[in-house]
Amino acid sequence: MKNNRAFHLIALFAFASIYLASCNSDKPTTTPESEVKKEVIENIAIPDFSSEKALDLVKKQVAFGPRVPNSTGHQQCGDFLIKSLSETADTVIVQKATVLSFDDKQLKIRNIIASFNTENPSRVMLCAHWDTRPFSDQDATVKTKPIPGANDGGSGVAVLLEIARLLKENKTKIGVDIILFDAEDYGQPDAVMQREKADSYCLGSQYWAKNLHQFGYMPRYGILLDMVGGAGATFRQEEGSMEFAPSVVQKVWNAAGRIGYGNYFLNEPTRAITDDHYYINQIANIPTIDIIHNDRSTASNFYKHWHTLQDSPENIDPATLKAVGQTLLEVVYREK
Ligand SMILES: [Zn+2]
């Protein structure tokens, strides 16, 4: 993803909620606490996300080598993901395409769509990118090697594969689609002195958004994961997510707080970024948020090993994978 998109927030939602609140004067001003709890937190069995299994899945992906489109590691890891999801999902669709990179390479890509509870037309979409960056352009010394992509690529996929395992064992009320996008991270390096090509990232999701795997596909909302395994990660409410899907941000952040992960999911804003969710919102009109590591102490505001050779499994903390995975389960299993 890239840190360059400026969005304008509309205050409409704020005004609307103030207006609605003021119109509720015929309701009692206080609600008994027990009633509130009953309404908000139903007693639903929510499966337990295994951080151990998720960490193993990160390592498994990294062991294939960098997952750069057109490489052997990419081919093999893609095959593994399809096989693995075929064992858990009701259906798996592989969307193949050839897309053009910023440096005029024909990239053979595969977007992988795994669906659960397919008979239910009400659906939610969980997604991440599975490819990894061909250049370590943020590395202090070596800038041209492909990155291991443990966090950037590996972590989001690992969380979703562990969720897939649980979705098979414990049925949700709502239908769930897990989508793994290809070629997110083949964007133009900052060091290349060419005209800026803003849309050179997110090639897989751009293709998918223009060519949906299913005619008229429209889940209630989407949740994108990107860099969700770093030690001590914090996730802030990204401006683009707040513009396109503020209620989804609220839902997810509330769920995290409710189950004790408020120290990861901070109720603080952060600036808009270009990631797969941007194209899903813009092109496919599916309200989609991005859960992405935001670090105020780094120049990029991303994970400190972002696009470097240190983005390796040693720097993944299973506790972060758990915080994100369990929060998504809390959201998805409560959907009716
Ligand atoms: Zn990246």
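## Helix H4

Helix H4 spans residues 72-88 and has 17 residues. From first C-alpha to last it reaches 25 Å, close to the 24 Å expected at 1.5 Å a residue. That expected span is 1.5 Å times one less than the number of residues. Helices here are DSSP runs of H or I with at least four residues, strands are runs of E with at least two, and both are numbered from the N terminus.

This is a predicted model: local features need pLDDT of at least 70, side-chain atom pairs count only at pLDDT 80 or more, and totals for chains, interfaces and linings use all residues. Residues are numbered from 1 along each chain as its sequence is written.

His74, Cys77, Gly78, Leu81 and Leu85 are buried in H4. They cover an arc of only 105° around the axis, which puts them on the same side of H4. The face turned away from that buried side carries the exposed residues Thr72, Asp79, Lys83 and Glu87. Buried means 20 or more other C-beta atoms within 10 Å of the residue's own, exposed means 12 or fewer, and partly exposed lies in between, with C-beta atoms placed from the backbone.

## The loop residue His305

His305 sits in the loop between strand S8 (288-292) and helix H10. His305 is buried, with 26 other C-beta atoms within 10 Å. It touches Asn151, Gln310, Asp311 and Asn315, leaving aside residues up to four places away in sequence. Contact means C-beta atoms, placed from the backbone, within 7 Å. Ser136 is 169 residues from His305 in sequence, yet 9.9 Å away in space, C-alpha to C-alpha.

Technical notes: The arc is that of the directions from the helix axis to the C-beta atoms. Two residues are in contact if their C-beta atoms, placed from the backbone, lie within 7 Å.
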